[in-house]
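User: I am new to this structure and would like to work through it one question at a time. Could you please show it first?

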Amino acid sequence: MLFSNFILKLIPDYNPDVKIVYTDNVGRELDSKEAFRQLSHKFHGKGSGKTKTEKRMKKTLEQMALKKMDSDDTPLGSAALLREKQKEANTSYIVLSGGNRIPSDVHNTLSKISKR
């Protein structure tokens with residue numbers, strides 16, 4: 001008791017900043033709900049059912065895939081392809097056109113022909 005009082009007198013404004021971080025066996029950081037679930041399963045010696053386990057695995061795989069993916073790109077990588085086309089064309093823009101659309105000059109020519 002004397003020792004603890006002595007320490008408190010030496011450091012009167014000691015305020016430690018403690019942050020408890022829970023991780024799973026893979027090293028992924030768990031939120032409080034997931035950490036409690038894992039602790040409860042370990043304590044009681046039981047686990048989740050098959051469907052819940054599959055759901056949780058699917059969720060973690062999706063999170064890992066999102067971390068690997070570029071933050072400014074789409075899942076198909078279309079933004080990277082657009083940037084590549086811009087570099088090839090040496091322009092800051094890309095002309096987008098539909099496959100079935102008729103260009104305006106051809107449309108004007110067709111309308112002149114149909115008027116005859």
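User: What is the volume of the second largest pocket?

Analyst: This is a predicted model, so local features need pLDDT of at least 70 and side-chain atom pairs count only at pLDDT 80 or more, whereas totals for chains, interfaces and linings use all residues. Residues are numbered from 1 along each chain as its sequence is written, and side-chain values use heavy atoms, with hydrogens and water left out. On a 1 Å grid over the protein atoms alone, a pocket is an open set of points where a 1.4 Å probe fits, with protein on both sides within 12 Å along at least five of seven lines, and its volume is the space filled by probe spheres set on points joined across faces, edges and corners. For the second largest pocket, that volume is about 200 Å³.

User: Which class of residue lines the second largest pocket?

Analyst: The lining residues, which have an atom within 4 Å of a point, are Asp31, Lys33, Glu34, Arg37, Lys52, Lys55, Arg56 and Lys59. Asp, Glu, Lys and Arg count as charged. The lining therefore has no nonpolar and no polar residues, and its eight residues are charged.

User: Which element gives the most to the lining of the second largest pocket?

Analyst: Helices (H or I, at least four residues) and strands (E, at least two) are DSSP runs numbered from the N terminus. The elements that give two or more residues to the lining of the second largest pocket are α2 and α3. With four residues, the one that gives the most is α3.

User: Which residues are closest to the centre of the largest pocket?

Analyst: The largest pocket has a volume of about 450 Å³. Its lining takes two or more residues from each of the elements α2 and α3 (50-68), and α3 gives the most here too, with six residues. Of the 17 lining residues, the closest to the centre are Asp24, Asn25, Arg28, Arg56 and Met57.

User: Is glutamate 34 buried or exposed?

Analyst: Glutamate 34 sits in helix α2, and beyond residues up to four places away in sequence it touches Arg28, Glu29 and Lys59, where a contact means heavy atoms within 4.5 Å. Buried means under 20% relative accessible area and exposed over 50%, with partly exposed in between, for a 1.4 Å probe and protein chains only. Because its relative accessibility is 14%, glutamate 34 counts as buried.

User: How far apart in space are glutamate 34 and arginine 56?

Analyst: Both residues line the second largest pocket, although 22 residues separate them in sequence. From C-alpha to C-alpha, the distance between glutamate 34 and arginine 56 is 10.0 Å.

User: How far apart are the end C-alpha atoms of helix α2?

Analyst: Helix α2 covers residues 32-44, which makes 13 residues, and just after it glycine 45 takes a positive phi of about 75°. The expected span is 1.5 Å times one less than the number of residues, so α2 should span 18 Å. The end C-alpha atoms agree with this, being apart by 18 Å.

User: What is the relative accessible area of asparagine 90?

Analyst: Asparagine 90 is found in the loop between α4 (78-89) and α5 (104-115), and its phi is near 55°, a positive value in a residue other than glycine. Most residues other than glycine have a negative phi. Asparagine 90 is exposed, because its relative accessible area is 73%.

User: What pattern does the chain follow along the sequence?

Analyst: The chain has five helices and two strands, and of its 116 residues 8% count as buried. Read along the sequence, these elements follow the pattern α-β-β-α-α-α-α.
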